[in-house]
Amino acid sequence: MASFLPMRIGEIQRIADTVVTITLEGVQGSPLPSYEPGAHVDIRLPNGLLRSYSLTAPYDRTRPYTIAVHRGRASGGGSSYIHEHLSPGDEVEVSVPRNLFPLLPGMHTSVLIAGGIGVTPLYCMAQHLTAQRRPWRLAYAARSRGAAAFADALQTLASQASAGLTLHFDDEAAGHVLNIENLIKEAPADAHFYCCGPGPMLDGYHAACSALERERVHCERFGGQAIQAASGSFEIELTRSSRTLHVGPDQTILDALLDAGIDVEYSCMQGICGSCVTPVLDGEPDHRDAFLSLDEQAAGDRIMICCSRSRSAKLVLDR
Ligand code: FES
């Protein structure tokens, strides 16, 4: 399990139609733990939910953390709670930052591709790249100008850095979507690509990057696909603890492990954050997460145990 710190809500500021930024201040008087661009924190809300949010700005030991929270129509109760109930001064528990979407070092061009609130980690990366005088370009698709968090700040940053910025607003695009294939084709030969957005955008991104070396293709998926209801039962064999457990039709693998008293790392419980990833040694996973790429899911050697299930009667897990 990630370790958590007590933190206090500082400023809450509306920056787009359905997006607020929130500063999180330490309450223990010492500098907050450091992180690299692309990192996120998990917040344990007073209503019991645990939610993951990317940090919007590079680490500065003199400043609080800042996250951006989009209140989506499909909110599972986390972002709507934050928008409706949290106020400056409230205390929440916040995990030490973790980074599942790191920016690689080097002077190659970084091509950042954002959809909706997926812009958050990329905005942090763009600030860092600018400070490091490294080349970058960014394409950002949002429903409308009013819905586009950080659009003005990105325009200012891009002009300071002489970086390319493409803003795509669905309601001004006559039914066209952001052309990711062109972004890939037009990039320098050594460019690295970073994409964060909803599931359909990530699927298009992976298709457009299919001919590239995997090391140059980076992504973070958020809430892209609803987690389907559990169904069917199966067995899990745990090689490290030499145990076999039954996973019932209304249970997740994570539930079965926790019920059996086995300590496991997890966070979002939504197939988004990647913290519950578990190696698969045998059997066929039924992937229902929004974290692994389609290629990674097809490889079948890892599973997100908070939501994914099994197509075979038994899964053998390195756990
Ligand atoms: S706990 Fe976040 S993906 Fe499983």
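Reply: **Salt bridges and other links**

The count comes to 13 salt bridges, a salt bridge being a side-chain nitrogen of Lys or Arg within 4 Å of a carboxyl oxygen of Asp or Glu. Before we zoom in, please keep in mind that this is a predicted model, where local features need pLDDT of at least 70 and side-chain atom pairs count only at pLDDT 80 or more, while totals for chains, interfaces and linings use all residues. Residues are numbered from 1 along each chain as its sequence is written, and side-chain values use heavy atoms, with hydrogens and water left out.

Let's begin with Asp 42 and Arg 98, whose closest N and O atoms are 3.3 Å apart in their salt bridge. Asp 42 belongs to strand S3 and Arg 98 to the loop between strand S6 (91-95) and strand S7 (110-115), so this pair ties together parts that are 56 residues apart in sequence. Strands here are DSSP runs of E with at least two residues, and helices are runs of H or I with at least four, numbered from the N terminus. Both Asp 42 and Arg 98 are buried (buried is under 20% relative accessible area, exposed over 50%, partly exposed in between, with a 1.4 Å probe and protein chains only).

Another salt bridge joins Arg 240 to Asp 318, with 3.1 Å between the closest N and O atoms. Because Arg 240 lies in the loop between strand S12 (234-238) and strand S13 (243-247), and Asp 318 in the segment after strand S18 (314-317), the pair ties together parts that are 78 residues apart in sequence. Arg 240 is exposed, at 62% relative accessibility, whereas Asp 318 is partly exposed, at 24%.

Arg 216 and Glu 213 also meet through their side chains, at 2.9 Å from N to O. Arg 216 counts as buried, at 11% relative accessibility, and Glu 213 as partly exposed, at 41%. Elsewhere, Glu 284, Asp 286, Arg 288 and Arg 311 are linked in a network of salt bridges.

Now for the rings. The whole structure holds four aromatic pairs. In one of them, the ring centres of Tyr 35 and Tyr 59 are 5.6 Å apart and the planes are at 75°, so the pair is edge-to-face. To count as a pair, rings of Phe, Tyr and Trp (its six-membered ring) need centres within 6.5 Å; planes under 30 degrees apart are stacked, over 60 edge-to-face, and the rest tilted. Tyr 35 is buried, with a relative accessible area of 11%, and Tyr 59 is partly exposed, with 26%. Tyr 35 and Tyr 65 also have ring centres 5.6 Å apart and planes at 75°, so they are edge-to-face too. This pair links distant parts of the chain, 30 residues apart: Tyr 35 is in the loop between S2 and S3, and Tyr 65 is in strand S5. Together, Tyr 35, Tyr 59 and Tyr 65 form one aromatic cluster.

Last, a charge meets a ring: the charged end of Arg 44 sits over the ring of Phe 4, 4.1 Å from its centre. The rule for this asks for NZ of Lys or CZ of Arg within 6 Å of the ring centre and within 35 degrees of the ring normal.
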